[in-house]
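Visitor: I have a protein model on my screen and would like to learn how to read it. Could you walk me through some features, one at a time?

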Amino acid sequence: MKIAVLPGDGIGPEIVSQAVRVLESLTSDGMKFEMETALLGGCAVDATGNPFPEATRKLVAEADAILLGAVGGSQYDKLPRDQRPEQGLLSIRKDLNLFANLRPVVLYSELVNASTLKPEVISGLDILIIRELTGDIYFGEPRGIKLHDGQRLGFNTMIYREAEIYRIAHVAFQIARKRDRKLCSVDKMNVLECSQLWRDVVIEVAKEYPDVELSHMLVDNAAMQLVLNPKQFDVIVTGNMFGDILSDEASMLTGSIGMLPSASLDDKSKGLYEPIHGSAPDIAGKNIANPLATILSTAMMLRYTFNQEEAAVRIENSVKKVLAQNYRTSDICQPGMKEIGTTEMGDAILKNL
Ligand code: NAD
């Protein structure tokens with residue numbers, strides 16, 4: 001099992017090293033991981049001038065899976081757009097055709113009070129958001145800022161080809177089949193032609209999955225329903241921009257951005273696995289970042305790329321046990337809990353594993 005390890009910037013190296021320890025500990029069960037580290041993002045800009053250097057490009061192309069920390073930092077915000085850290089990440093997604101972004105939003109019962117929402121609204125929450133990741137307004141052309149009639153005009157293009165919608169819809173229906181067989185497709189078909197096509201194609205694909213209950217929701221309503229009654233959802237599928245916004249909103253239902261993993265898959269289950277949070281420069285280098293989202297990302301890697309369901313569940317159970325033992329990093333710590341650092345959280349996970 002070949003894994004490219006890309007720690008990235010900010011807290012990236014601290015949290016990724018804990019996730020690597022978890023993977024290494026599984027080798028005693030007979031699993032063999034070949035892990036190689038490379039530069040991506042701001043650290044790559046500093047070292048080579050390129051956020052996605054050739055050596056990294058080669059490594060990720062050859063790997064079965066990629067483990068990523070996070071990229072970015074305010075010191076890079078003034079660079080030309082194509083040299084910014086985020087460009088490295090967008091290029092990997094595009095290069096490897098990682099079109100299906102899976103974001104589970106699971107509330108651990110021990111963290112029910114960490115959320116700003118009432119316990120009765122969120123307890124038992126278990127949603128999967130599937131976001132299309134390689135199309136939509138983030139990649140559409142033409143785009144730019146130009147002078148028009150004496151003033152600056154900014155423009156982007158929201159665009160979906162039907163093949164892109166078919167492919168993400170199939171992924172969503174297949175995953176919904178393995179869960180509660182309820183899929184909600186989110187769009188903005190009342191005002192956007194692009195969304196009209198999205199809805200038409202999802203309805204066509206649904207004919208192949210009569211056992212899955214399909215519903216549709218406009219994105220503004222979905223944003224509202226996610227905080228009003230999030231447990232009505234099981235699997236949500238949506239486009240790149242709507243998914244970007246809704247999945248961050250949903251992450252807050254669980255109380256901490258430091259708990260949520262993600263997977264981005266191609267059509268052969270090669271995947272990029274990363275926490276949903278960013279590089280958190282405000283807490284970098286202090287050994288206080290929560291490594292659990294990254295550790296849970298390795299569980300997703302074992303499940304979706306390597307088909308090692310048992311090992312994935314072991315990691316997830318280890319996280320549950322550590323929370324039940326009241327160990328917390330500062331982002332999820334509450335009175336009466338035992339506050340520990342990033343490395344100590346890694347130790348606790350290994351002990352329970
Ligand atoms: P962020 O997710 O890095 O941080 C938001 C807040 O959450 C901060 O207060 C931070 O301290 C906290 N936080 C995040 N992860 C945490 C963890 N594991 N443990 C404890 N607390 C955690 O978002 P931001 O501050 O908007 O962005 C910082 C940088 O990260 C920017 O340069 C941004 O572009 C980049 N970014 C990268 C990715 C990525 O690599 N996928 C995603 C989002 C943002």
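**Reading the model together**

Guide: Helices (H or I, at least four residues) and strands (E, at least two) are DSSP runs, numbered from the N terminus. Before going on, note that this is a predicted model, in which local features need pLDDT of at least 70 and side-chain atom pairs count only at pLDDT 80 or more, while totals for chains, interfaces and linings use all residues. Residues are numbered from 1 along each chain as its sequence is written, and side-chain values use heavy atoms, with hydrogens and water left out.

Visitor: Is Ser-247 buried or exposed?

Guide: The general idea is a set of cut-offs: buried means under 20% relative accessible area, exposed over 50%, and partly exposed in between (1.4 Å probe, protein chains only). Ser-247 has a relative accessible area of 2%, so it is buried.

Visitor: Which residues does Ser-247 touch, not counting those up to four places away in sequence?

Guide: Contact means heavy atoms within 4.5 Å. With that rule, Ser-247 touches Arg-103 and Ile-129.

Visitor: Let's follow that to Ile-129. Where does Ile-129 lie?

Guide: Ile-129 belongs to strand 5, residues 126–132. Its relative accessibility is 1%, so Ile-129 counts as buried. Leaving aside neighbours within four places in sequence, Ile-129 is in contact with Asn-101, Leu-102, Arg-103, Val-105, Ile-236, Leu-246, Ser-247 and Ala-250.

Visitor: How do I read a cavity?

Guide: Picture a 1 Å grid over the protein atoms alone: a cavity is a set of points where a 1.4 Å probe fits but cannot get out, and lining residues have an atom within 4 Å of a point. Grid points are joined across faces, edges and corners, and a volume is the space filled by probe spheres set on the points. Here the structure holds 1 cavity of 30 Å³ or more, and the largest cavity has a volume of about 70 Å³.

Visitor: Which residues line the largest cavity?

Guide: The lining consists of Asp-136, Met-158, Tyr-160, Val-186, Asp-187, Cys-194, Ser-195, Trp-198, Gly-239 and Phe-242. Strand 8 (182–187) and helix 7 (193–206) each supply at least two of the lining residues, and helix 7 gives the largest share, 3 residues. The lining of the largest cavity divides into 6 nonpolar, 2 polar and 2 charged residues.

Visitor: What about the backbone angles?

Guide: Look for a cis peptide bond or a positive phi. The peptide bond from Glu-141 to Pro-142 is cis, with omega near 0 degrees, and Pro-142 is found in the loop between strand 5 and strand 6 (144–148). Asp-149, a residue other than glycine, has a positive phi near 50 degrees. Asp-149 is placed in the loop between strand 6 and strand 7 (151–155), and at 73% relative accessibility it counts as exposed.

Visitor: What is the phi of Ala-280?

Guide: Ala-280 has a positive phi of about 40 degrees although it is not a glycine. Ala-280 lies in the loop between strand 12 (271–275) and helix 10 (292–304), and it is partly exposed, with a relative accessible area of 21%.

Conventions. 1 Å grid on protein atoms, 1.4 Å probe; cavity = no way out; pocket = protein on both sides within 12 Å on 5 of 7 lines; lining within 4 Å. Nonpolar A, V, L, I, M, F, W, Y, C, P; charged D, E, K, R; others polar.
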